[in-house]
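Here is a friendly tour of a protein model for anyone new to reading structures. Keep the 3D view open and follow along topic by topic.

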Amino acid sequence: MDFFIQLFTDPVGFYNQHELLIAQIGINAILAISIFVTFYSGQLTLANAGFMAIGAYTTVIMSLYLPTPLPVDMLVGALLAAAIGFLVGLPVLRLRGVFLAIATIGFVEALRLGVILNVPITGEGQGLKNPSADPLGGILPILISVPILTYLVWRLTHTRLGQAWAAIREDELAASSNGINVPAYKMVAFVISALVAGYAGALETHINFFVDPTEYSVTRTIQILTFAVVGGTTNVIGPIVGAVFLTALPEIVRQFAAYRDVVNGVILILVIIFRPQGIVGRGGLAIIAPRWWTRWRTRERVTAAH
Amino acid sequence: MSALLQLTNVKRSFGGVHAVDDVSLEIEEGTIFGLIGPNGAGKTTLVNLVTGYIRPQSGSIQLQSSPPLAGEGSVGAVELARRPPHAVAGLGVARTFQTLRLYRNLTAIENVLAGMHLRRRDDTLQQLIPVPAFLKEDQRRLQQARELLERVGLPPERFGERRAATLSYGDQRRLEVARALALNPHLLILDEPAAGMNPAEKDRVRALIQQLNQDGLTVLLIDHDMRLVMGVCRHIAVLNFGRKIADGPPETVSQDPAVITAYLGTQAQKTAAHVPGSEEMDVATTSTPASIEPASPLLEVRDLQVSYGAIQAVRGVSFGVAKGEIVALIGANGAGKSTILNSLSGVLRPHSGGARFGDLDLTTAPPDRIVSQGLVQVPEGREILARLTVRENLELGAWARRNGRSAHRDIDGLMKQFPILGQRRDLPAGQLSGGEQQILAIARGLLAQPKLLLLDEPSLGLAPQMVDTVFDVIKRIHNDGVTILLVEQNALRALEIADRAYVVETGRILLSGTGAALRRNPEVQKAYLGG
């Protein structure tokens, strides 16, 4: 409760006290945008943590060894994530549904265990110290990026590209009969998602002193997936709400901090049962009414009418 | 006038089945071309070949493209074979799907906008910046989408913002046409646009097709409803077992003996030559069926109605089957025959009406209870387990029996009774021919010790010789004391063995009478081929 009281009575103090939390919420919101793009085109891809790692490591390695300014490092990190996204997408996007999910998880683990732990320049699992880490200065770019990316992706879903994604998500065969090049548009979604995830990874190095390979495991990917599931994926606001809610939750209920994962799990299950379209699903914000409840209600009404 | 689409010796087989076998067609520009044929004739496969969903193994599919919508700028004949679907669409070939494939969670307008994909400039990046000029472009497209909805008879102010899944079945069909038209096509392929519609809705579809054609569109129409196809098409091709068996104007095609045989079965030619009216005494119309109904039926169906969502498949059907009879339900594809059987065996629940089997109320009894009381269904398409052996399939058929030893005795008995199965007992059932699989499915049904056996399209997709074998098996089972309710498209063959039969059309019983009488009744042919 103190959390909310402070938020409304003393926003400046709140900001100062919770700067790192706010930064983390921002990063997670960007990751939520990243997974939203692939979800919107009907693909269950879980490679986001891998692209984050590429963005993060590229940025840190460049600031360690090259004289380039930090924004350039970050840009290169994001673009490299997108480029590797394209290469990974070539074989992987032929898969659908759960197979696509497994293959992309495979990519995340292969990158972490196969590449990061074995290549000397990445510190071989020891992690890397980030010379340009600036926890406080890093918050501003995050806070600027979130609304800009949200706006761009929201607009994107209303363009020709976004409408093609929606069509593919609804029915691939029908989409190709409308002249939509399904593999190409899926690839565009996957690459944009990789770009955004890479950018989030690069941004995150700002607020960390250290790049740690364990950060970019499947657990992280599942966490990102939870944002989308809890928030809902009918529009871009959904996953962002999910990210904000789930990131802030441990702070709100401090007394349960030790049971953080349990609380997350329970929330996930409750959402899947009672609100499968997510908090911000079709029809706006949720007033929680499970599907069986409405079905039962209509049946009651029908029997009453007879 | 020149050929807009030309198919030359197109072939495609799946496994050993020749789905489309050496078919050549020419579709004139500006016409409505009809493609008809019995179930499994290869019509939809042909559509999938033209639109790029399936690749032909040989042959060529040429489209006169002038002017091209997208892709290369060549004017002249373009080869469609081996192009992906979106490229075929780009050349101006639009299609609808036999089973509706709308974007169900998008609104009607959004469906049409997605259909306009190819004819709008790719301005994705511009649209990211909310400059009024760009947004105006958006408004213009929205207006075009509205006009398309209006054109197919879906007023946008009423339907535009509704999710596609919430539209009525007929309106969903219309929306699919609007989405196909959004491509601005040269050729529109309609795959069974009137399937599952009632006569009034069919009339609206017919009017729509004629309107589109008058606006200059070439249409390839595939449908089972002969009235519709014969009514609107100037030229018709008939497929059967993947081969083109007739091609010409509707009048000649409907009189073609090969076509009548394909639709009605092997003995149709005699029927066609029959003088109408001479057998009227034997035939009862639906209004007075009582004369031939059995007095104390084993199975009694009263005013049965079944719906799939918005589609009413069975619209009030009453009939009875007495012990020891063979009764046939015949009628064209989509008439509602299988739906009737499925609602008797408890697979489907009827919307209203009653069905009794002895003392059992079939509308409420659970399927396992219905089977244990002796009403057993052999489903359409055989539904055997392809990877298990013949013997294992039969053992599974006897699974519900309590007495394992008697079940095994029965299985051995069946192996002797049907040597075809005995010889192949250890082969995977998937390696049997279609007819052998059908016999296996019937044998499996017999293991449940039926009093009444429901057979759904036992001759479906079988070669004529195999059809004989299967019908011999049915007769033999009947002689062993099993009552049979048979659903068949091969009408004349079914009428040969049936004591009585009912002709089903669009969910209603059109005619009923003894098998012999119906065989000579010209109305039966009309029910299949249209009047």
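Two residues are in contact if their C-beta atoms, placed from the backbone, lie within 7 Å. With that in mind, what covers the buried residues of H7(A)? The cover includes helix H3 (19–40), H8 and helix H10 (182–207) of chain A. Please remember throughout that this is a predicted model.

- Start with H7(A), where A:Ile139, A:Ile142, A:Val146, A:Val153 and A:Leu156 are buried.
- The 18 residues of H7(A) should span 26 Å at 1.5 Å a residue, and because its end C-alpha atoms are 26 Å apart, the two values agree.
- Next, look at helix H12 (residues 237–252) of chain A, which has 16 residues. From its first C-alpha to its last, H12(A) reaches 21 Å, close to the 22 Å expected at 1.5 Å a residue.
- Which residues of H12(A) are buried? They are A:Gly238, A:Pro239, A:Ile240, A:Val241, A:Gly242, A:Ala243, A:Leu246 and A:Thr247.
- These buried residues of H12(A) pack against H3, H7, helix H11 (218–231) and helix H13 (260–274) of chain A.

**Where the two chains meet**

- The contact draws 22 residues from chain A and 26 residues from chain B.
- On the side of chain A that touches chain B, the elements giving two or more residues are helix H7 (139–156), helix H8 (160–170) and helix H9 (172–177) of chain A.
- H8(A) provides the largest share of that side of chain A, with seven residues.
- By type, the residues on the side of chain A that touches chain B are 10 nonpolar, eight polar and four charged.

**Chain B in outline**

- Chain B holds 22 helices and 21 strands.
- Of the 531 residues in chain B, 47% are buried.
- Take the contacts in chain B between residues at least 6 apart in sequence: 68% of them join residues at least 24 apart.
- How is chain B divided into domains? There is domain 1 (1–92 + 185–255), domain 2 (107–183), domain 3 (282–374 + 453–529) and domain 4 (386–449).
- The centres of domain 2 of chain B and domain 4 of chain B, taken over C-alpha atoms, are separated by 54 Å.

**A helix with two faces in chain B**

- Helix H16 (residues 404–417) of chain B has 14 residues, and its reach from first C-alpha to last is 20 Å, close to the 20 Å expected at 1.5 Å a residue.
- In H16(B), the buried residues are B:Asp410, B:Ile411 and B:Leu414. Why do they line one face of the helix? Seen down the axis of H16(B), its buried residues fall within an arc of 105°, so they line one face.
- Turned away from that buried side, the other face of H16(B) carries the exposed residues B:Arg405, B:Arg409 and B:Lys416.
- Covering the buried residues of H16(B) are elements including helix H15 (390–397), helix H17 (419–423) and helix H18 (434–446) of chain B.

**An antiparallel sheet in chain B**

- Four strands of chain B form an open sheet in the order E13-E12-E15-E16, with antiparallel pairing.
- Its edge strands are strand E13 (311–321) and E16 of chain B, each of which pairs on one side only.
- Strand E12 (residues 299–308) and strand E15 (residues 352–357) of chain B are joined by five bridges in the antiparallel sense. Here B:Val301 has B:Ala355 in E15(B) as its bridge partner.
- E15(B) also pairs with strand E16 (residues 360–361) of chain B, antiparallel and over two bridges. In this case B:Arg356 has B:Asp361 in E16(B) as its bridge partner.
- The hairpin of E15(B) and E16(B) has two residues between the strands, and in it B:Gly358 takes a positive phi near 60°.

**An enclosed strand in chain B**

- Six of the six residues of strand E19 (residues 483–488) of chain B are buried, so E19(B) is largely enclosed by the rest of the structure.
- Both faces of E19(B) are covered, with B:Thr483, B:Leu485 and B:Val487 buried on one side and B:Ile484, B:Leu486 and B:Glu488 buried on the other.
- Strand E14 (residues 326–330) of chain B pairs with E19(B) in the parallel sense over five bridges, and B:Ile326 stands opposite B:Ile484.
- Strand E18 (residues 452–456) of chain B also runs parallel to E19(B), joined by five bridges, and B:Leu453 stands opposite B:Ile484.

Key
Residues are numbered from 1 along each chain as its sequence is written. Chains are lettered from A and ligands numbered from 1 in the order in which they are written. This is a predicted model: local features need pLDDT of at least 70, side-chain atom pairs count only at pLDDT 80 or more; totals for chains, interfaces and linings use all residues. Ala, Val, Leu, Ile, Met, Phe, Trp, Tyr, Cys and Pro count as nonpolar, Asp, Glu, Lys and Arg as charged, and the others, Gly among them, as polar. A residue is buried if 20 or more other C-beta atoms lie within 10 Å of its own, exposed if 12 or fewer, and partly exposed in between; C-beta atoms are placed from the backbone. The expected span of a helix is 1.5 Å times one less than its number of residues. The arc is that of the directions from the helix axis to the C-beta atoms. Domain bounds come from an automatic or database domain assignment. Two strands pair if DSSP finds at least two bridges between them.
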